Structures are given as structure tokens and as C-alpha cells.
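Thanks for coming. I'll take one structure today, beginning with a term and then going from the chain down to single residues. Here it is.

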Amino acid sequence: ENGKLAVSKTVKSAAEDPTEFRFEISVRDGGGNPLSGSYSYVGETVDSVKGAEKPQDGSLTFAAQGKASFVLKHGQKITILDLPAGTQYQIREIEKGGYVVSSEGASGTIESGKTSEAVFVNQKQEAPSTDNNSGGGSSSGGGSARAQVVSAHTGDSSQPVLWLVLM
């Protein structure tokens, strides 16, 4: 028996967000070979989002490399039907400036008779602060270096040496 894959998108922001978000999906059969062909999907809305626009039903065509792309807006969801059990999937959202993406279930394996779920949530970033010293809490991956002064134990008490250690 085949299984299904549901992919949903929500955006956390102060106002309604009409932005379209592009996704790429890659699928492989149980043997690890790219899965190609056309698979129907049903457009739905995310239950918790009031007033979301339901996407049209349609189909995804996976190219010879087992890849396809689709677009979702805030509150939208598609459920891809009749994927063979054992299909391995990986979904990634194409980055869009001004949003921090988090996801759950973005990769996995289709199980017979079940619906796998991939949930993508975007947090709209606030306008940058003019305060240069703010941490911002951004997950841009830049990281910050902390300086720490450590006393070196050289045995020479007349001239303590200080080392700058980057953590």
C-alpha cells in the first residue's frame, strides 16, 4: 500500500503575510534510486490559520533526478498522494530574506497507509535595530566571539602574562 506526504507552511508575523515560499523536494525509492513521475496532490489549509487561501489541487512531476518544486503561502498545505511505501523524501525551503525558517519532518520515509508530515514555520524578522550592540537573536550562523583574559602560570611572579583566548 502507498502512503502520503503532507507539507504545510505558516508564518509568524504581526500582520497577514501574502509572501510565496518556494520548496524543493527530492524523492528516492526504497533502493535509493531517484523516483520520477507525476504524483497528484490535494490543496488544503492549515487548521489553525483562519482565512488562509486553499491552494489548487494539482500534481508534482518529479524529474529524472527525483526532484520537483512547489510554492506555498501562509496557512497553506498540500498532501501528495500515492507515494510508494519506502520512498525517502527530503524537502527544503528556498531561503527568502527577512525570514528565519524552522521545520519539523523535512526528511523521512513514507510508510504504507500513513501520512508523513513536514511542517515549515517562518518567523518574520523585525527591522534591524540601530543599536549596534544588540544580540538580535538571529540564527544567521555568524556566532559571536567572546574574549576572556586568562593569567598564564609561568612561574615568573614579577611579570604576569595575560593571554587573550577566543572562545
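Buried, in what follows, means under 20% relative accessible area, exposed means over 50%, and partly exposed is in between, with a 1.4 Å probe and protein chains only. By that scale Ser-40 is partly exposed, because its relative accessibility is 43%.

Before going on, the ground rules. This is a predicted model, where local features need pLDDT of at least 70 and side-chain atom pairs count only at pLDDT 80 or more, while totals for chains, interfaces and linings use all residues. Residues are numbered from 1 along each chain as its sequence is written, and side-chain values use heavy atoms, with hydrogens and water left out.

Now the chain. Helices (H or I, at least four residues) and strands (E, at least two) are DSSP runs, numbered from the N terminus. The protein chain has zero helices and 12 strands. Of its 167 residues, 28% are buried. Contact here means heavy atoms within 4.5 Å. Taking contacts between residues at least 6 apart in sequence, 65% join residues at least 24 apart.

Next, the core. A nonpolar core is a set of buried Ala, Val, Leu, Ile, Met, Phe, Trp, Tyr and Cys residues joined through side-chain atoms within 4.5 Å. The largest one has 25 residues, and those touching the most other members are Leu-5, Val-7, Ile-25, Leu-60, Phe-70, Ile-80 and Ile-91. Strands that each supply at least two residues of this core include E1 (3-12), E2 (20-28) and E10 (115-124). Which strand gives the largest share? That is E2, with four residues. As for Val-7, its contacts beyond four places in sequence include Phe-70, Ile-91 and Phe-120.

Back to Ser-40, which sits in strand E3. Ser-40 and Thr-79 are 39 residues apart in sequence, and their C-alpha atoms are 8.5 Å apart in space. Setting aside neighbours within four places, Ser-40 is in contact with Gly-58, Ser-59, Thr-79, Ile-80 and Leu-81.

Last, Thr-87, in the loop between strand E6 (76-83) and strand E7 (88-93). Is this residue buried or exposed? Thr-87 counts as buried, because its relative accessibility is 1%. Its side chain reaches the backbone oxygen of Pro-84 at 2.6 Å; a polar contact is a pair of N or O atoms within 3.5 Å, where within protein one must be able to donate a hydrogen and the other to accept it, and residues adjacent in sequence count only if both atoms are side-chain atoms. Not counting residues up to four places away, Thr-87 touches Val-27, Arg-28, Leu-35, Gly-108, Thr-109 and Ile-110.
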